[in-house]
Amino acid sequence: MKNINNETLDTLANQINSELTTFRNREIDPPQTNEWFKQHSSSAVRDLITKLKITDLDLITIIEQYPESRLSDLTQFTNVRQGGTVSKMVNKFVKLGLVAKYHQGDNLKNTYLQLTTSGTELAELHIEFHRINQQKMKKALSDFSAADLQVVANFLQRINELDGQ
């Protein structure tokens with residue numbers, strides 16, 4: 001510990017935890033995110049937006065980025081830890097008409113996925129949404145030095161490593 005007393009450390013840890021919680025909750029389906037998707041999507045997709053979460057959009061985008069992936073391969077590309085959870089998400093997408101499942105030849109063991117037209121539209125919107133947010137992030141970070149940002153990046157990496165301990 002570098003020259004910081006326990007009381008200050010507790011105060012800062014609570015403030016950081018509060019800010020991380022705010023950030024995490026901001027990322028999970030804020031009204032403005034849903035509104036952005038509704039404003040930029042076709043009428044067919046617009047009706048589906050309220051039935052999806054950001055993590056759903058992440059997985060739909062992964063399906064687009066890794067075409068002809070097997071259902072069992074998707075967990076390696078996501079932050080979703082449970083294969084069963086990915087399977088449930090994909091089944092939800094199938095019911096919503098965003099993803100089609102198929103088999104190749106006589107191999108019924110491996111299930112492959114393909115986005116429908118609506119699924120592709122959502123994936124492309126999601127990529128655009130992240131591109132816009134990345135620009136906003138860069139603008140917000142431009143007031144900080146590279147050294148400041150490296151400290152923040154190192155800090156967040158350590159926080160994320162706590163899950164493995």
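## Nonpolar surface patch

Leu-12, Ile-16, Val-152, Phe-155 and Leu-156 make up a nonpolar surface patch with about 360 Å² of accessible area together (Shrake-Rupley method, 1.4 Å probe, only the protein chains shown count as cover). Two elements, α1 (6–27) and α7 (146–161), each give two or more residues to the patch. α7 gives the most, with three residues. Patch residues have over 30% relative accessible area and no salt bridge, and nonpolar side chains are joined within 5 Å. A salt bridge is a side-chain nitrogen of Lys or Arg within 4 Å of a carboxyl oxygen of Asp or Glu.

This is a predicted model: local features need pLDDT of at least 70, side-chain atom pairs need 80 or more, and totals for chains, interfaces and linings use all residues. Residues are numbered from 1 along each chain as its sequence is written, and side-chain values use heavy atoms, without hydrogens or water.

## Helix α6

Helices are DSSP runs (H or I, at least four residues), strands likewise (E, at least two), numbered from the N terminus. The 25 residues of α6 should span 36 Å at 1.5 Å a residue, and the end C-alpha atoms agree at 36 Å apart. The expected span is 1.5 Å times one less than the number of residues.

Buried residues of α6 include Glu-121, Leu-125 and Phe-129. The buried residues pack against α2 (31–40), α3 (43–46), α4 (54–65) and β2 (107–115).

## His-126

His-126 sits in α6 (residues 117–141). At 3% relative accessibility, His-126 is buried (under 20%; exposed is over 50%, partly exposed in between; 1.4 Å probe, protein chains only). The His-126 side chain makes a polar contact with that of Asp-58 at 3.1 Å (N or O atoms within 3.5 Å, one able to donate a hydrogen and the other to accept it; residues adjacent in sequence count only if both atoms are side-chain atoms).

Beyond neighbours within four places in sequence, His-126 is in contact with Phe-37, Ile-54, Leu-57, Asp-58 and Thr-61 (heavy atoms within 4.5 Å).

Technical notes
Patches are made of residues with over 30% relative accessible area and no salt bridge: like charges are joined within 9 Å, nonpolar side chains (Val, Leu, Ile, Met, Phe, Trp, Tyr) within 5 Å.
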